[in-house]
Amino acid sequence: MGRSLSRSPSRRRRYSPSPVSHRHSRTSRHHNHKRRSRHTTSRSSSSLSPSPKKPQQSNKRRQHEEELKLLEEETARRLEEAIRKNVEEKLSSEEVKLEIERRIAEGVKKLFDDVEAQLEKEKEDALTEARRKEQQARKEREELDKMLEENRRRVEESQRREALEQQRKEEERQRELEMIQRQKEEAARRKKLEEEEEHANRINSLGKNKSRPKSYGF
């Protein structure tokens, strides 16, 4: 739509020329003709005497330049006005209105599509991040469980070794107590045997003394 509007002023300028430009061309041809004639006259008279008309020619040249400047300004103003009217006519046409509405609808649809795509991407990124965090948490839990299991196994092994050592010490102490008890019982038995043997020896000694005949002296 922008290209069609930018081309329209050139077509209007080409098909509807301003009357000022015709006036400008006629004036230019007239001035050129007068300038050539004056130039020819001055050139023919210059060979005879110095030209006394230089200030007058300078004034006319300045006036001509001012007229050209005014003509250019008027042409530019009319061209700008023509472009403005052409743009207004194009914008006010039903076709352009429909085109504008279509482009607005396309822009709104594209905006919504972009927002929806962005939201979908953010959702996928969030799900991916959540899955990554879940996997990381599960891996950390597994590592923690493994470490706790290893610690538990070591504690149980240490407790089992301590229990076996305690049991061995208890059994050794029990054997020592039993040995001491047997030694005491053996000592008591020997003492009893010695006492019984000593008692038997005393009894035997007393029996021998009773059975020996008594002698009387005179």
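A residue is called buried under 20% relative accessible area, exposed over 50%, and partly exposed in between (1.4 Å probe, protein chains only). By that scale, Arg 77 is partly exposed, with a relative accessibility of 46%. The structure is a predicted model, in which local features need pLDDT of at least 70 and side-chain atom pairs count only at pLDDT 80 or more, while totals for chains, interfaces and linings use all residues. Residues are numbered from 1 along each chain as its sequence is written, and side-chain values use heavy atoms, with hydrogens and water left out.

**Confidence**

- The protein chain has a mean pLDDT (the predictor's confidence in each residue, from 0 to 100) of 77, and 71% of its residues reach 70 or more.
- Confidence is lowest in helix H1 (residues 2-15), with a mean of 41, and highest in helix H4 (residues 94-211), with a mean of 91.
- Residues 1-34 have pLDDT below 50, and the model gives this stretch 25 contacts beyond near neighbours in sequence; a contact means heavy atoms within 4.5 Å.
- Residues 39-50 also stay under 50 in pLDDT, with 0 contacts beyond four places in sequence.

**Overall make-up**

- The protein chain contains 4 helices and 0 strands; helices (H or I, at least four residues) and strands (E, at least two) are DSSP runs, numbered from the N terminus.
- Helix H3 (residues 54-92) comprises 39 residues and spans 56 Å from first to last C-alpha, close to the 57 Å expected at 1.5 Å a residue; the expected span is 1.5 Å times one less than the number of residues.
- Of the 218 residues in the protein chain, 5% are buried.
- In H3 the buried residues are His 64, Leu 71, Ala 82 and Asn 86.

**Surface**

- The accessible surface of the protein chain is about 19,800 Å², with 54% belonging to carbon and sulfur atoms; areas come from the Shrake-Rupley method with a 1.4 Å probe, and for residues only the protein chains shown count as cover.
- Leu 91, Ile 100, Ile 104, Val 108 and Phe 112 make a nonpolar surface patch of about 440 Å².
- Patches are made of residues with over 30% relative accessible area and no salt bridge, like charges being joined within 9 Å and nonpolar side chains (Val, Leu, Ile, Met, Phe, Trp, Tyr) within 5 Å.
- H4 supplies the largest share of the nonpolar patch, 4 residues.
- Phe 112 lies in helix H4 and is exposed, because its relative accessibility is 57%.

**Salt bridges**

- The count comes to 23 salt bridges, each being a side-chain nitrogen of Lys or Arg within 4 Å of a carboxyl oxygen of Asp or Glu.
- Glu 74 forms a salt bridge with Arg 77 (2.6 Å, N to O) and another with Arg 78, where the closest N and O atoms are 2.9 Å apart.
- Glu 74 and Arg 77 are separated by about one helical turn because they are 3 residues apart in helix H3, and Glu 74 and Arg 78, 4 residues apart in H3, are likewise about one turn apart.
- Glu 74 is partly exposed at 24% relative accessibility, as is Arg 78 at 34%.
- In helix H4, Glu 165 and Arg 168 are 3 residues apart, about one turn, and form a salt bridge with closest N and O atoms 2.4 Å apart.
- A network of salt bridges links Glu 99, Arg 102, Arg 103 and Glu 106.
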